[in-house]
Amino acid sequence: MPAVNTVLVVGAGLAGTGTAILLASRGVAVDLVETRPAIGAGGSGITLQGNALRVLRDLGVWPAVRAGGYCFDSLGLRAPDGSLLAEFPDARTGGPDLPATLGMPRPALARVLGDRAREAGAKIRFGLSPTELTEDGDVTFSDGSTGRYDLVVGADGIRSATRGLLGIDARTRATGMGIWRAFGPRPASVTRTDLCYGGPCYIAGYCPTGEDSLYAYVVEKARNRSFLTPEQRLATLRDLAAGYHGPWDEIRETLVDPARVNYTWFETHVVPPPWHRGRVVLIGDAAHACPPTLAQGGAQALEDAAVLAELVLAADALDDDLLAAFTARRYGRARAVVDASNQLGQWLLDGVRGDVPGLMREIATLVTPPA
């Protein structure tokens with residue numbers, strides 16, 4: 001018997017849906033609540049490396065993810081003029097039977113995971129969030145309803161309401177970078193992620209997300225862009241992208257829809273141990289927010305789900321030691337990934353030519369399973 005019979009998962013992102021699938025598929029009664037009105041309502045694209053794909057395979061969604069995304073096994077570095085400086089074989093951190101990397105539209109991935117959670121037996125409720133929460137698992141929701149759970153999993157993102165209700169200080173900070181993202185058609189010249197360090201921005205890159213789609217991004221010094229109209233945001237992105245060539249010349253011509261452009265700041269934190277209070281535990285961005293410079297945020301969220309479910313399903317009872325063991329398993333690894341992502345960002349902010357390939361190899365070694 002698993003250590004719990006009833007679980008509330010707060011947040012229907014990667015960490016939350018992953019946890020719901022793994023527990024519900026083993027007979028645990030799972031309620032999954034999400035403040036948004038629907039899964040997969042927005043977003044551009046996501047880059048998933050092999051360690052994320054390994055968990056997606058365990059969730060039973062790999063065939064659907066592979067069909068809906070774009071797989072590739074190398075990483076390119078380009079100069080602002082578009083010339084290819086180097087191409088590196090990307091580490092297969094999920095094992096030899098999975099591709100190194102897959103790009104996918106975020107809404108499509110969210111729908112695949114949401115459908116799988118329902119199929120596994122999880123009950124999903126939208127437009128709902130906890131307003132009161134005790135460490136014993138007593139919950140009052142925003143619609144006035146209440147519940148009592150053996151375990152509450154706070155997977156509700158960087159501004160986690162669960163974390164706030166527990167009184168845990170995450171010390172979230174902006175890193176000094178802002179990212180423009182756009183979603184659009186994939187030119188035939190884009191068959192992998194290429195990164196450009198330099199030019200008018202810190203980073204310019206793109207990732208194929210399907211046979212007919214990609215997302216492209218440029219990273220600049222964080223600025224207040226909130227006053228811009230959608231049309232001005234599109235014009236700003238196009239102006240910044242004009243400093244990059246090669247495949248960017250084709251991509252830039254497709255940037256015509258203001259609704260497909262968004263701008264956010266890089267933010268980061270790692271909550272100090274423990275990540276639980278009583279029967280309530282934090283996972284994913286609620287516990288460790290990783291800037292996207294190393295494309296590991298989604299992977300770390302999925303790894304959290306896998307480890308938490310493994311421990312809960314293998315135990316006979318839920319106690320402080322079990323949840324402390326979860327933090328012990330995940331804290332060092334997540335901390336190392338977040339620190340490396342922040343290190344890369346700091347090199348770029350400082351204008352230092354750091355060992356980017358070496359840093360990427362270090363992370364690949366960290367997240368690759370032993371032979």
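So, strand 18 and strand 19, residues 280-282, pair in the antiparallel sense over two bridges; pairing here needs at least two bridges found by DSSP between the two strands. R277 stands opposite V280 in strand 19. Strands are DSSP runs of E with at least two residues, helices are runs of H or I with at least four, and both are numbered from the N terminus.

Quick housekeeping: this is a predicted model, where local features need pLDDT of at least 70 and side-chain atom pairs count only at pLDDT 80 or more, while totals for chains, interfaces and linings use all residues. Residues are numbered from 1 along each chain as its sequence is written, and side-chain values use heavy atoms, with hydrogens and water left out.

P274 belongs to the loop between strand 17 (261-270) and strand 18.

R171 has phi near 55 degrees and lies in the loop between helix 5 (161-166) and strand 13 (173-184). R171 counts as exposed, because its relative accessibility is 59%. The cut-offs are under 20% relative accessible area for buried, over 50% for exposed and partly exposed in between, using a 1.4 Å probe and protein chains only. A295 also has phi near 55 degrees, in the loop between strand 20 (288-289) and helix 8, and A295 is partly exposed at 24%.

Now helices. Helix 2 has seven of its nine residues buried, so it is largely enclosed by the rest of the structure. The buried ones are G50, N51, A52, L53, R54, V55 and L56. Just after helix 2, G60 takes a positive phi of about 85 degrees.

What does helix 10 pack against? Its buried residues go against helix 2 (50-58), strand 14, helix 8 (297-314) and helix 9 (320-350); contact means heavy atoms within 4.5 Å. Those buried residues are V356, G358, L359, I363, A364 and V367. Helix 10 itself covers residues 356-367, 12 residues, and reaches 17 Å from its first C-alpha to its last, close to the 16 Å expected at 1.5 Å a residue. That expected span is 1.5 Å times one less than the number of residues.

L22 counts as buried, at 17% relative accessibility. Leaving out residues up to four places away in sequence, L22 touches D58, L59, A305, A306, A309 and L313.

Last stop, the inside. How many cavities of 30 Å³ or more are there? One. A cavity is a set of points on a 1 Å grid over the protein atoms alone where a 1.4 Å probe fits but cannot get out, and lining residues have an atom within 4 Å of a point. Grid points are joined across faces, edges and corners, and the volume is the space filled by probe spheres set on the points. The largest cavity holds about 50 Å³. It is lined by 13 residues, and R78, A79, C196, H245 and W248 are the closest to its centre. Strand 14 (193-198) and strand 15 (201-210) each supply at least two residues of that lining.

Notes: 1 Å grid on protein atoms, 1.4 Å probe; cavity = no way out; pocket = protein on both sides within 12 Å on 5 of 7 lines; lining within 4 Å.
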